[in-house]
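Colleague: Please take a close look at one part of this model for me: the strand pairing. Keep it brisk, and give the cut-offs as you go.

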Amino acid sequence: MAIFREYVNSGRDRAAEDRRRHKELVEESIKKNIGNIIAEESIIGQSKDKKIKIPIKGIKEYQFVYGKNGPSAGSGDGSEKRGEKIGGEKAGKKGQGSGQAGNQEGEEIYETEITIEELINYLFDDMNLPDIDKKKIAELESIRSYKNLGYQRKGIPPRLAKKRSVIEKIKRKQGYLRNNRSLIDSEEEREEDDIVQNIEDDSKKRFPFSEDDLRYRRVREDRKKDFNAVVICIMDVSGSMDQTKKYLARSFYFLLYQFIKLKYANVDVVFIAHTTTAKEVNENEFFHRGESGGTYISSGYEKALEIIEQRYNPNSWNIYAFHCSDGDNWSEDNKRAVELGQKLCDICNLFGYGEIVPGYYSSGSTIKNEFQKSIKRKNFSIITMTSKDDVLPGLKKLLEKEGE
Amino acid sequence: MTEYSMQELLEWNEKIEEIARAEGLDYYEQEFEICSYEDMIGYETYVGMPSHYPHWSYGKNYERTKTLHKYNLTGLPYEMVINSDPCIAYLMKDNTLLLQILTIAHVYGHNDFFKNNRLFKLGTRAKDTVEMFKNHANRIREYIQDPGIGYAKVEKILNAAHAIKYQISRNIGVKVLSQEEKRREMLQRYRRPKSEYPLLEPRPKDEEVPPDFKKIPVEPEEDMLLFIMKYSKLSEWERDILSIVREETLYFLPQIETKIMNEGWASFWHYNILNKLNLEQGLHLEFLKRHNQVIRPLLGQLNPYYIGFKIFEDLRKRHEDNPQIIFEVREIERDQSFIRRYLTRELCEEMNLFEYTKIGSSYIITEVSDEEGWESIRDTIANSVGLSGIPVIKVSEWVQKDNTLILEHEYDGREIELSYAYETLKHIVDLWDGKVMLITNIDNKRKLIICDEEKRVALMDA
């Protein structure tokens, strides 16, 4: 006869540790793939709490398995004909029921929801980025706050403290009544009843506010010290900058922006697109509108300098300028570009030049060589990006420059 | 358990056992444990064992099992039976009474199969099962806690061992020969005259080359785990982990090799037993519904319950004179031979089996179950069940001068998946601590995949 017994739950969740470790491995895999993920998101205007869905490849358990070149079998409904194409529904899950032991997983893709902030945290978590050097004098424009420091007798109507004023009035009224009573006490008590009557009448009478009752809040305007930063994105949008190159630039700007945002309360972003002339554009135009024509890098720098002069006083703003180009500058412009680049170095916290060369023919462009030769500044950095994988290391290199 | 009591289950069990015995089922002593939904997922995660060593892959397994059940993707009632003596099975306490009855009957089918199928008899020791898993778990935990070893190192070895755990001997229950014994055997084969009258035979054109007895292994070795345990530079505890993983695979091998038969057999018996229980109408209707869920065909896939059930049912019907035949079949066959021998044309047609191949990016139906097609379909299924669905890769040589391990894939027309092979080779490098090469065929050309000590992988023509 069989034995039946009830399971005694020890309260232990035996899979907990293995699940934790699995989760950790999944997170590591997110970190590794982050370069691919972030390029999809629009750079600004996304709140840090926005949830985005990202696909994560499952942590695979690799073994030797067969590919898909052999035949498989399945059960159908009798309508199948030779040579007929079948959809993924019928054939997709090959092997699931056929008792194959180790290889039934195939492509496993999890989808996980994650906020942009979490994503950024994952990203910068173990990059060990240096603290950036803020300009101390820079003072804020951010929201003003008021601190209440008590009450005063004089003030402007908007700061009238109503509750406090009523309290003052009641105090005065009580004082007045007590005063009257003590007067009576000192006189003869014969007329007591009469007087009590009077007082009661008095208390029913209106007892108006007087100027003395009014109290006003005393406030101090708190100028919170804060640091502002502006990220100036300059990009070459001439004909030679195709979508792939822009995609790399975009990933880079996004990361730079996110990083700067972690460090400053207020971050402005300026987009400057240039060919032979430059103009300030919005984000959408910046990344999506291509133009034909040649390239004067200097025009972009000139525009940047102009905008800084008009809107972002270097004394109160931390300025991060970054320029992406494929290095295809017209040679007559090189000298001027170097000159203006130096000027940008003078006023920016950090100025970087990123050369985007998809494929592996990077002998380096003339302008890159010129920059390398002529701009010897601590806060200037040149990075080269050929594929998505270079974006993160590039950013790291750029930011480390600042920590030096 | 709300709608029924333990006493009721005992009574039903008694009736079921009575029928099972009368029908000729021969099983181990049975123990049922009644547990909650969470416990059940826990058991499923750790292959049914009350104790098992930790590894993240079980964490992943847990999440997957939970998701599958959450969205009810399997459609199957929970059922978990362990090949042990006494046989342990888990019943989920939230199940309806009928599901419990059905599961109990189903379990006796599995239990009989464990006790009588040849592969289980030769390959596993049911008496020691639970003890073995507990012992494995203790050893691995000891290594994790050892300050000189620790979690990370153990995990790395387990990852690698899991990657090649199915690269072991496929002959269940055959004695493992030492290299020396193999050498002697080869020598005998070489010396033995080819025929009784060698002088009457035509003289061979070339003098036959004697086998190379210095080579390690003397002949290609299927048991990669064992080979690495023996010849690699691994330390004692690392070898021990490999042996643990290998023992566990050996334990599961019979189950992997008899999935269709085992499930078919259990389904066949739960169906027959429940039909004899004279269930009242309500229970009977639920029984039919549940049974059909279990053995329903899955469009485009192969449901082992369905195919196994159909074949056993067909065998019994065709051999009315010999009701014992199904017992013989369940004893001596494994899925591959079972399908080859007993999946008839009629069954193929009835189940609308078809064959498809990936051509380009789409799947094209290449055969349907008719006069010309059914044999090809039968063979395709036979060649994809159990270990037949896993490439045979043997250790062909250990080049000692630069410590290179050469593996060879026994190509049978099916290519291996390269991206998986690359990663698996990296795991082998972790164990071998030297260069590892794999010879295989891609697009009908011999190819060599090399994975060096730095885990750089290269694919080239061989």
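Modeller: Two strands pair if DSSP finds at least two bridges between them. Strands (E, at least two residues) and helices (H or I, at least four) are DSSP runs, numbered from the N terminus. The model is predicted: local features need pLDDT of at least 70, side-chain atom pairs count only at pLDDT 80 or more, and totals for chains, interfaces and linings use all residues. Residues are numbered from 1 along each chain as its sequence is written, while chains are lettered from A and ligands numbered from 1 in the order in which they are written.

Start across the chains. Strand 4 of chain A runs antiparallel to strand 5 (residues 362-368) of chain B, with two bridges between them. Here A:Ile86 faces B:Tyr363. Around this pair, 54 residues of chain A are in contact (C-beta atoms, placed from the backbone, within 7 Å) with 75 of chain B. Strand 4 (85-86) is one of the chain A elements that each supply at least two residues to that side; strand 1 (3-6) and strand 3 (72-75) are also among them. Helix 1 of chain A gives the most, six residues.

Now chain A itself. Six of its strands make an open sheet of mixed pairing, ordered 10-9-8-11-12-13. Strand 10 (278-281) and strand 13 (380-385) of chain A are the edges, each pairing on one side only. From one strand to the next, the twist averages 20°. Strand 8 (residues 228-236) and strand 11 (residues 317-325) of chain A run parallel, joined by eight bridges. In this pair, A:Asn228 stands opposite A:Trp317.

Definitions and conventions:
Axes fitted to C-alpha atoms, helices over the stretch in contact; angles between N-to-C directions. Contact = placed C-beta atoms within 7 Å.
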